[in-house]
Amino acid sequence: MTDYVGIAEAMPVADLPIFMSEYYETQGRAISASSGAISLLIGDNIMAVWDQPNSAQLACESALAQSDAMKKFGEWAKAHGYPSPAFR
């Protein structure tokens, strides 16, 4: 997510946990679908690990799925009156 700090600072305090919970859920589903596990959450950063012989391939598949998940998250955010964050 680009400009996480700007989004967080502009958002009402009560809304940030709702916004981030949905972000973590959408990204977590994409990671889990490729047999990954989230090991650390800090702000908008998610560290995930794969413990499989083909972990590099699974991580790449997850990255593509996470990109699609960010598009869906942006749609959710916009529908709920939140800013639709850009991503790289």
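Analyst: Of the 88 residues in the protein, 33% are buried, where buried means under 20% relative accessible area, exposed means over 50% and partly exposed lies in between, with a 1.4 Å probe and protein chains only. This is a predicted model, in which local features need pLDDT of at least 70 and side-chain atom pairs count only at pLDDT 80 or more, while totals for chains, interfaces and linings use all residues. Residues are numbered from 1 along each chain as its sequence is written, and side-chain values use heavy atoms, with hydrogens and water left out.

The protein has three helices and two strands, taken as DSSP runs numbered from the N terminus, with helices (H or I) of at least four residues and strands (E) of at least two. Along the sequence these elements follow the pattern α-α-β-β-α.

The part to look at closely is the packing of H2 (16-33) on H3, which covers residues 55-79. Two packed helices are described by the angle between their axes and the distance between the axes. For H2 and H3 the angle is about 150° and the axes are 8 Å apart; axes here are lines fitted to C-alpha atoms, for helices over the stretch in contact, and angles run from 0 to 180 degrees between N-to-C directions. H2 and H3 are therefore roughly antiparallel to each other, a term for angles over 145 degrees, whereas those under 35 count as roughly parallel, 65 to 115 as roughly perpendicular and the rest as oblique.

On the H2 side, the residues that meet H3 are Ile18, Phe19, Glu22, Tyr23, Thr26, Gln27, Ala30 and Ile31, and their partners in H3 are Ser62, Ala65, Gln66, Ala69, Met70, Phe73, Trp76 and Ala77, with contact meaning heavy atoms within 4.5 Å. Sorted by class, this contact of H2 with H3 has 11 nonpolar, four polar and one charged residues; Ala, Val, Leu, Ile, Met, Phe, Trp, Tyr, Cys and Pro count as nonpolar, Asp, Glu, Lys and Arg as charged, and the others, Gly among them, as polar.

Leaving aside neighbours within four places in sequence, Gln66 is in contact with Gln27, Ala30 and Ile31.

Ser35 has a positive phi, near 65°, although it is a residue other than glycine.
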